[in-house]
Amino acid sequence: MNRSCNFSNVTNDYLAFYDCILSDMMDEMTHAELSDSISHNFITQMIPHHQGAIEMSRTILKYTTHIPLQNLALQIITGQTKSISDMRAILCQCDAIHNCKEDLRCYQTRTKKILQTLFCQMKHACSTNCVNGNFIREMIPHHCGAVAMSENTLRYCICPELIPILDSIIQTQKQEVQMMQCMLQRMGCR
């Protein structure tokens, strides 16, 4: 990623970790093995998305002394680790739910647009020497992408066991976005 400012060594280290995590997440989501099951496709793309959030949160824990941000990072790690476990537990069942070609086409077209927006916003998140603000500006579009992917998936015939996971992603990540927006304001970051 292009960096337009001179950053401290700490910021440069943090941003190097972020760039690596983002690159891995984008690659795994883009090259996920898709099938004729929307439920399967959501899970195989959301697992690396959640893993990206977990790695981002582990990284900020190495760099921040801001207690509310530490608490949020730990909350993200706990919540998304559970979500991954829940999705893996139902994957075989969800594979059995097949969708028609038209629904698959519509779902994947919308998902592709969501991912393009997500990747673009995360790649171009504003970076400053405040790693706390950097993390929040990177995580907000990450969460918004998960919400959009979940809402898109709920529009189709999907595995019933996946529905409460989607509802939880939407509710939790909308709440965390609000928390992060408040944190940015309190920190005086834009």
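This is a predicted model: local features need pLDDT of at least 70, side-chain atom pairs count only at pLDDT 80 or more; totals for chains, interfaces and linings use all residues.
User: OK, how many helices and strands?
Analyst: Six helices and zero strands, counted as DSSP runs numbered from the N terminus (H or I, at least four residues, for helices; E, at least two, for strands). The pattern along the sequence is α-α-α-α-α-α.

User: And how compact is the protein?
Analyst: Its radius of gyration is 17 Å, close to the 16 Å that the globule rule gives for 190 residues, so the protein is as compact as a globular protein of that length. That radius is taken over C-alpha atoms, and the rule is 2.2 Å times the number of residues to the power 0.38.

User: Switching to packing: at what angle do H2 and H3 pack?
Analyst: H2 (residues 38-63) and H3 (residues 67-95) pack at about 160°, axes 9 Å apart. Axes are lines fitted to C-alpha atoms, for helices over the stretch in contact, and angles run from 0 to 180 degrees between N-to-C directions.

User: Parallel or antiparallel, then?
Analyst: That angle makes H2 roughly antiparallel to H3 (under 35 degrees is roughly parallel, over 145 roughly antiparallel, 65 to 115 roughly perpendicular, the rest oblique).

User: What about H3 and H6?
Analyst: Their axes come within 12 Å and cross at roughly 165°. H3 and H6 are therefore roughly antiparallel to each other.

User: Now pockets. What's the volume of the largest one?
Analyst: About 220 Å³, meaning the space filled by probe spheres set on grid points joined across faces, edges and corners. A pocket here is an open set of points on a 1 Å grid over the protein atoms alone, where a 1.4 Å probe fits, with protein on both sides within 12 Å along at least five of seven lines.

User: Which residues lie nearest its centre?
Analyst: Gly 79, Gln 80, Ser 83, Ser 168 and Thr 172, out of 15 lining residues, which have an atom within 4 Å of a point. H3 and H6 (163-187) each supply at least two residues of that lining.

Definitions and conventions: Residues are numbered from 1 along each chain as its sequence is written. Side-chain values use heavy atoms; hydrogens and water are left out.
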